[in-house]
Amino acid sequence: MGEHMDFETLLAKYAGGKVPPLVDSQDPEASSINMDLLSIYHEGLMAKYKILLGILIAAPGKSGESKWRDGDFTLNAWAKPNWSPFCRLRRESTDGDKACERCDFWHAMMAERKQRTVAYLCDAGLVDFATPIIVKNKTVAMLFCGQSRPIGGQVWNQEFIQDDGTFRPLQPGERGVDASVVSQQRIELIVQSAESFKETLELPDPISPDEVLFKQQLLDNIAAQLSELATSNYDLQRRSVIDQIRERITDSLGRLGSAGDSDAVWRKLSEGLDSVRKFLALDYCLVLSSFGGTQKGLTVLCQAGLSEKDFPTRGAERTDEYTLQQWIEFAWNPQKTVLIKLRDLRRVPFIDRLARLHRRGQQYVVAIPLPVPKDLAQPVMILGRIHKEPEIESDEAQEALKQFVEGVAQVIEIVVLVEELEERARQQALFLENVAHNIRTPIQNVILEAELMTRTDLPAQLMERRARRIATQVRRLHIVSLNAWTLVNIDQKAFENQKKQHVSVFDTIMGQRKSLLDLARGRGIKITVDRELQDWPPIRVNPDLFSQTVLNLMDNAVKYSADETEVRIDGRRVPAEIVDGKPRLGGVELSFVNRGIPIKEDQKEKIFQRYYRTVEAKKRIPTGTGIGLAIVQAFLEHHDGTVKINSEPIPGTQHYVTEFRIFIPEGA
Amino acid sequence: MVKILYLEDEDVLVDVLTELLQLLGWEVKSTKSIPDALQWFQEQDFDIVLLDIMMTPAEGMDSKKVDYGRETGIEVARQMYELKPSVPIVAFTVLRDEQLRAKIFQAGAVDIINKPAEFDDIRIRLQQALRK
């Protein structure tokens with residue numbers, strides 16, 4: 001007894017039989033509590049709410065203070081090593097320990113009487129809480145929690161904590177308390193304690209009245225959960241199993257495995273799912289997810305209980321049921337298992353089709369969510385229709401359930417990983433293709449320009465023009481190769497070892513501007529630079545990364561501008577200041593503004609991802625590589641800089657004013 | 001005299017290749033505009049068409065269908081072939097992807113010239129296409 005058991009050990013212990021209830025629901029006060037189950041929940045609740053809880057089990061058949069004095073301290077004792085050093089020390093003294101216990105018993109009685117959490121000041125002037133666990137209107141156990149010091153609390157006086165969390169002195173003769181006598185005794189104890197422990201460090205943190213209220217509510221919530229679980233053994237197990245599923249899935253999704261044979265996994269999953277369907281007493285069972293789905297669809301990962309004829313699905317089938325997706329997003333709490341009336345889902349053709357297949361039985365659908373990490377699509381769930389009153393299956397079904405959990409987790413991993421790999425491979429292939437284009441095209445131009453120069457007798461002026469055009473093509477090649485080289489250096493973290501240097505912002509901008517002039521002029525685009533930048537002192541940056549950043553921002557601004565517009569580069573020096581109560585370093589801010597294609601809100605982060613290009617960008621320039629802004633991002637990270645993007649429509653036109661504003665702090 | 005329609009979105013290439021082809025004595029109609037190219041093709045008689053593949057999709061084109069510009073020239077070739085199948089179409093592209101090359105031929109092109117290419121190679125391949 002008192003050994004904390006995990007769920008698997010519990011299942012093993014009761015192999016071949018039913019898991020007994022937490023208490024005998026016929027006479028909960030007299031019966032023994034199932035300590036195995038309670039200890040599992042004790043541990044789970046503490047981990048879930050990050051709160052230290054002691055549980056005192058009431059002595060069966062007793063009442064009043066003796067109900068608690070003679071109770072089972074097992075789970076309370078378990079929490080002891082985690083008490084604050086102050087309380088542990090106090091409990092080591094016989095008198096101190098007795099005083100603490102008397103305080104606990106008395107307030108347990110108070111909590112039982114009130115049938116809710118009672119917050120109180122203990123002997124040492126700390127705020128403690130006692131919360132009754134109630135089954136069938138009988139208090140069978142008491143939760144203890146506390147060890148917090150009231151702000152400005154007066155250690156010597158016992159005070160009553162009111163409903164709003166504030167303190168008031170106890171009135172003489174107040175029910176169950178003799179203030180003068182108790183206070184005197186307590187004063188003596190506290191004096192003794194203080195002298196013994198005056199060098200004790202690590203007093204618990206003070207607690208405010210708001211925190212008192214919050215903790216009261218939290219503990220009431222916890223007790224309610226335990227009370228609910230205590231009354232039904234099947235619910236207890238099924239919910240535990242579902243929690244187990246959640247844990248396994250979430251844990252598996254946290255680890256990236258290597259892609260395996262997905263067909264074999266599908267087969268295994270489908271075999272296991274039918275056992276799960278029976279275990280959960282569902283007419284049919286679908287595992288749905290929005291992994292791999294379109295914006296408006298869901299993927300059916302696998303199903304059981306439906307024939308191919310009824311519901312054809314091979315492995316993953318996409319549904320285009322936007323209504324179902326909407327329902328999942330807006331109407332369903334992914335934290336809870338819910339029972340939904342089937343008729344409420346009849347608007348969803350997908351469900352309606354299923355509903356028509358099974359006219360008999362109860363008209364409810366159960367949705368069991370399987371939470372996944374935030375960066376993956378939500379949700380994954382088991383959706384199925386209840387067939388009959390559920391019953392506990394044998395170990396075989398439970399084993400199948402566990403296998404199913406593993407299988408679903410693997411499938412999800414594989415689906416996500418394969419899709420990521422495919423997308424990455426596709427992006428990389430496109431990137432290489434576009435790099436090839438951006439290299440081969442200027443080379444083609446140079447070859448033919450040179451050919452033309454040899455085949456014709458051109459006047460000097462025209463020869464000069466040809467030569468300049470060749471130089472422009474070479475600069476284009478230089479830009480492409482620079483970006484590729486920078487990318488390699490970023491991947492190899494070469495910049496981390498390079499010293500920063502003082503660099504003129506104006507000179508850098510003007511230098512890069514020169515390489516874009518021909519491209520800009522050909523489309524009637526002006527590139528204007530704020531002349532005030534000339535007067536700036538140099539800034540300390542990695543010169544290669546900085547010039548590449550400036551080039552890429554200007555290049556993008558020109559490329560994605562409409563013809564006959566202006567690209568403008570401005571800057572300002574930002575002084576050091578306090579922002580939201582925190583000091584912010586001064587630095588320089590550069591702004592790159594153009595008029596052209598938009599950048600939508602949901603694209604503002606994505607455009608900094610390597611290879612990512614918006615649809616508008618692709619339409620405008622099919623051959624972009626999608627690495628320019630990734631390089632800008634690397635520069636900003638290296639210099640603790642930031643970027644803000646604004647993109648607003650220009651009324652009366654199809655164009656947008658887009659601004660990239662970067663901030664580079666001093667001393668970065 | 002050979003009359004060639006040249007569709008290309010790269011300004012410099014349009015200029016310089018047009019000039020070189022004109023030095024051969026060919027009549028060259030060159031443009032960056034897809035609608036102009038299609039209109040000219042329909043209204044005039046050309047002996048041969050030379051077209052780029054990766055181009056910004058034209059207004060009204062299904063961008064997704066042409067993979068946001070990667071296959072624009074293939075769609076143009078297909079339309080031109082449907083209009084006048086006897087006029088040889090030659091693709092002029094940096095793309096080396098085998099699947100894409102198959103699509104180019106399926107659209108009706110008779111040859112694909114890879115960029116970058118020497119002018120003499122371009123000339124020879126165009127002349128071969130004319131003989132087909």
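This is a predicted model: local features need pLDDT of at least 70, side-chain atom pairs count only at pLDDT 80 or more; totals for chains, interfaces and linings use all residues.
Which residue stands opposite B:Thr93 in β5(B)?

Stop 1: Colour the strands and you'll get an open sheet of five, paired in parallel and ordered β2-β1-β3-β4-β5. Go to its edges: β2 (27-31) and β5 (111-114) of chain B each have a single partner strand, so one side of each has no neighbour in the sheet. Look along the sheet and you can follow the twist, which averages 20 degrees from one strand to the next.

**Stop 2: β4 and β5.** Select residues 89-93 of chain B; this is β4, and its parallel pairing with β5(B) runs over four bridges. Now pick B:Thr93, and you'll find B:Asn114 opposite, in β5(B).

**Stop 3: over to chain A.** Show the contacts between the chains: 26 residues of chain A touch 29 residues of chain B. About 2600 Å² is buried between them, with carbon and sulfur atoms giving 61% of that area. Three salt bridges link chain A and chain B. For one of them, zoom in on B:Glu10 and A:Arg476, where the closest N and O atoms are 2.5 Å apart.

Next, select α13 (395-455), α14 (460-491) and α17 (615-620) of chain A, the elements giving two or more residues to the side that touches chain B. The most come from α13(A), with 15 residues. Colour that side of chain A by residue type to finish: seven are nonpolar, eight polar and 11 charged.

Key:
Residues are numbered from 1 along each chain as its sequence is written. Chains are lettered from A and ligands numbered from 1 in the order in which they are written. Side-chain values use heavy atoms; hydrogens and water are left out. Contact means heavy atoms within 4.5 Å. Buried area is the accessible area (1.4 Å probe) that two parts lose on being put together, summed over both. A salt bridge is a side-chain nitrogen of Lys or Arg within 4 Å of a carboxyl oxygen of Asp or Glu. Ala, Val, Leu, Ile, Met, Phe, Trp, Tyr, Cys and Pro count as nonpolar, Asp, Glu, Lys and Arg as charged, and the others, Gly among them, as polar. Two strands pair if DSSP finds at least two bridges between them. Axes are lines fitted to C-alpha atoms, for helices over the stretch in contact, and angles run from 0 to 180 degrees between N-to-C directions.
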